[in-house]
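Trainee: Before we begin, could you show me the structure, so that I can follow along while I ask my questions?

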Amino acid sequence: MEAYTGKELLCIPGKNKSYAVEIPYITELCIQMQLSLIPCLPDCFAGVCNYKGNIVPVVELEEEKAGGKNRDMVLITEWGKYRMGIHFSGEPYAIFATDKDKIESPEEMEPSGIWIEKDIYKKDNKVVYVIDMEKSIESLVIFP
């Protein structure tokens with residue numbers, strides 16, 4: 001029997017490109033979460049939210065908000081001791097990507113804004129850029 005390998009991804013559409021987060025990094029997808037602005041944070045931060053009694057920093061998916069008629073959502077992610085929210089508008093969707101869906105990309109991809117990408121997949125005629133959550137979270141930590 002042949003082993004079936006692949007990645008479960010939650011895709012979040014952006015204004016310029018679609019991003020994906022691997023399922024093991026996702027804690028919860030929250031709809032219309034109250035965000036509080038904090039002065040002096042870098043522009044990429046949307047603010048903070050109260051997630052189950054914890055204050056969690058929230059980062060914009062893209063520098064310009066996607067906006068539109070869709071609901072605002074916050075994807076709560078976690079890696080190691082860090083928890084972070086990703087704020088976006090649009091309808092997320094899940095895919096299961098395999099090696100045959102992977103697009104050959106440069107060995108060291110340049111960061112796309114604040115996100116460090118590690119893979120590119122094409123599935124159902126949609127191209128998604130997988131966010132390297134570990135490297136992206138580490139690059140966003142202000143006070144370790």
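Mentor: What follows is a set of questions and answers about this model, which is a predicted one.

Trainee: In what order do the elements of the chain run from the N terminus on?

Mentor: The chain holds one helix and ten strands, and its accessible surface comes to about 8900 Å², of which 50% belongs to carbon and sulfur atoms. Read from the N terminus on, the elements run β-β-β-β-β-β-β-β-β-β-α.

Trainee: Over how many bridges do β4 and β5 pair?

Mentor: Strands of a sheet pair through backbone hydrogen bonds, either parallel or antiparallel. For β4 and strand β5 (residues 54–60) the sense is antiparallel, and within this pairing tyrosine 51 stands opposite asparagine 54 in β5. The number of bridges between β4 and β5 is six.

Trainee: Which residue is the bridge partner of cysteine 11 in β8?

Mentor: Strand β1 (residues 7–13) pairs with β8 in the antiparallel sense over five bridges. The partner that cysteine 11 finds in β8 is tyrosine 93.

Trainee: Is cysteine 11 buried or exposed, and how many disulfides does a search of the whole structure find?

Mentor: A residue counts as buried when its relative accessible area is under 20%; cysteine 11, with a value of 0%, is therefore buried, and cysteine 44, with 15%, is buried as well. A disulfide is a covalent bond between the sulfur atoms of two cysteines. In the whole structure, the number of disulfides that the search finds is zero.

Trainee: Within what arc do the buried residues of α1 fall when seen down its axis?

Mentor: The buried residues of helix α1 (residues 133–140) are Met133, Ser136, Ile137 and Leu140. An α-helix has 3.6 residues a turn, so residues three or four places apart point the same way. Seen down the axis of α1, its buried residues line one face of the helix, because they fall within an arc of 95°.

Trainee: What covers those buried residues of α1?

Mentor: The cover comes from several strands, and β4 and β5 are included in it. Also included are β2 (18–22), β6 (72–79), β7 (82–89) and β10 (126–131).

Trainee: With which residues is valine 56 in contact, leaving aside its neighbours within four places in sequence?

Mentor: Valine 56 has its place in strand β5, and its relative accessible area of 1% lies under the cut-off of 20%, so valine 56 is buried. Once its neighbours within four places in sequence are left aside, the residues in contact with valine 56 are Gly47, Val48, Cys49, Tyr51, Arg83, Met84 and Gly85.

Trainee: What share of the chain's contacts with a separation of 6 or more comes from residues 24 or more positions apart?

Mentor: One example of a separation along the chain is valine 56 and leucine 35, which are 21 residues apart, with their C-alpha atoms separated by 9.7 Å. For residues 24 or more positions apart, the share of the contacts with a separation of 6 or more is 57%.

Conventions: Residues numbered from 1 in each chain as written. Predicted model: local features only at pLDDT ≥ 70, side-chain atom pairs only at ≥ 80, totals over all residues. Heavy atoms only, no water. Pairing = 2+ DSSP bridges. Helix = DSSP H or I, 4+ residues; strand = E, 2+ residues; numbered from the N terminus. Contact = heavy atoms within 4.5 Å. Areas by Shrake-Rupley, 256 points an atom, 1.4 Å probe, with all protein chains shown as cover. Disulfide = S-S within 2.5 Å. Buried < 20%, exposed > 50% of the residue type's maximum accessible area, 1.4 Å probe, protein only. Arc of directions from axis to C-beta.
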